[in-house]
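Please keep the sequence and the model in view while reading.

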Amino acid sequence: MKVSAAAVALAFALVLANFADQSNGELQEGFYKGKCNVDVEKIVSDIITPLVGQKPSITPALLRMQFHDCFVNGCDASILLDGSSSEKTAIPNRSVRGYDVIDLVKAAIEKSCPGVVSCADVIVMATRDAVAASKGGWYSVQTGRRDGSVSLAENVNLPGPSVSVENSAAIFNSKGISTEDMVHLLGAHTVGVTHCSFIKNRLYNFNNTGRTDRTMQTELAVSLKLKCPHTSTIDNRVDLDQGGSSLAIVGEPTSEIVDNSFYKQIVIRRGVLRIDQALALNKLTKDTVNKVAISSNDDFLTKFQLAMVKLGAVEVLTGTQGEIRKSCRAINKS
């Protein structure tokens, strides 16, 4: 069933109002209106939209960046800070990309409206526009975040690709995100790539059995083994959206499009990462996965967008907390 525009607008209004209440109105839609003589969100969109058209991999990069930022000290752009022991240097963050994109957007905003727009908000707005440019639909985001000043690798404790559903849910729940919203957020895996090193265990020695993970579809396992030979030292890239063996079932691969094909794949055991496949099998999440898989793409996009708004509100700094960095890579000089 296609979701009406009125229903989408109402859902977003309720979510945004809820978060505005939680932050005493400081985090709100259109926060920068009247604070700059330019349309800040248009500046972001005018940069991100053509960039994604030229390089679609920007979308998964920014989605990952927002997740990694918000799950460590909240959405405060601490992941952007340079330093010998900053969050950037933590093992889970060494493959995070998109810093140059954020720098580009921040520089353009500073030129027109200096010292007003936070790097934390730039991440959220840029990610939204990247999703929209990847056919994931445009959605309203709240702004008014402030930038943090603490960025330590030792604070980075993110769920990995082999985390159990129970442990993943516990981590998301601790951030105020429901298990259902976790399932919707992990739909971001419909774009982007992983590497052979993250899935070889599933292919060749799952749980030290010397066998392939039995929850992986045989045809997919054969295909991935060709991409990731057991003895190869080359860590090839692997699309997280593998499409399907039957076009009638899952359609063509859509690794550059934000859509619900991810769920259609994992219900027939075509999940690439262990956590992805587990979502379709675990009692905590399988009902949500099945609902998304059989629902319209529009329905999924609405749920995904709402979940992204909730992610963007995790442990934010507002008001007089934190600062507005001049450079996203360094705290302001006192």
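Is Cys-75 buried or exposed? In this predicted model, Cys-75 has a relative accessible area of 1% and is therefore buried, since the term applies under 20%.

The disulfides of the model number 4 in total. Another of them joins Cys-36 to Cys-113, whose sulfur atoms are 1.8 Å apart. This pair connects distant parts of the chain, 77 residues apart: Cys-36 belongs to the loop between β1 (28–29) and α2 (40–54), and Cys-113 to the loop between α4 (99–112) and α5 (119–136). The link of Cys-36 and Cys-113 is left-handed, with -70° about the S-S bond. Both of these cysteines are buried.

A further disulfide is formed by Cys-119 and Cys-328, with 2.2 Å between the sulfur atoms. The link of Cys-119 and Cys-328 is left-handed, with -100° about the S-S bond. Here, too, distant parts of the chain are linked: Cys-119 lies in helix α5, while Cys-328 lies in the segment after α14 (297–311), 209 residues apart. Because its relative accessible area is 0%, Cys-119 is buried; Cys-328 is buried as well, with a value of 2%. When the bonded cysteines of the protein are numbered in sequence order, the pairing reads 1-4, 2-3, 5-8, 6-7.

The model contains 7 aromatic pairs. One of them consists of Phe-67 and Phe-172, which are stacked, with 5.9 Å from centre to centre and 15° between the planes. Phe-67 lies in helix α3 (residues 58–70) and Phe-172 in helix α6 (residues 165–174), so the pair ties together parts that are 105 residues apart in sequence. Phe-67 and Phe-172 are both buried. Elsewhere, ring pairs link Phe-262, Tyr-263, Phe-300 and Phe-304 into a cluster.

Lys-35 lies over the face of Phe-31, at 4.2 Å from the ring centre. Lys-88 is placed over the face of Tyr-99, at 4.3 Å from the centre of that ring.

Technical notes:
Residues numbered from 1 in each chain as written. Predicted model: local features only at pLDDT ≥ 70, side-chain atom pairs only at ≥ 80, totals over all residues. Heavy atoms only, no water. Disulfide = S-S within 2.5 Å. Helix = DSSP H or I, 4+ residues; strand = E, 2+ residues; numbered from the N terminus. Buried < 20%, exposed > 50% of the residue type's maximum accessible area, 1.4 Å probe, protein only. Phe/Tyr/Trp six-rings, centres within 6.5 Å; stacked < 30°, edge-to-face > 60°. Lys NZ or Arg CZ within 6 Å of the ring centre and 35° of its normal.
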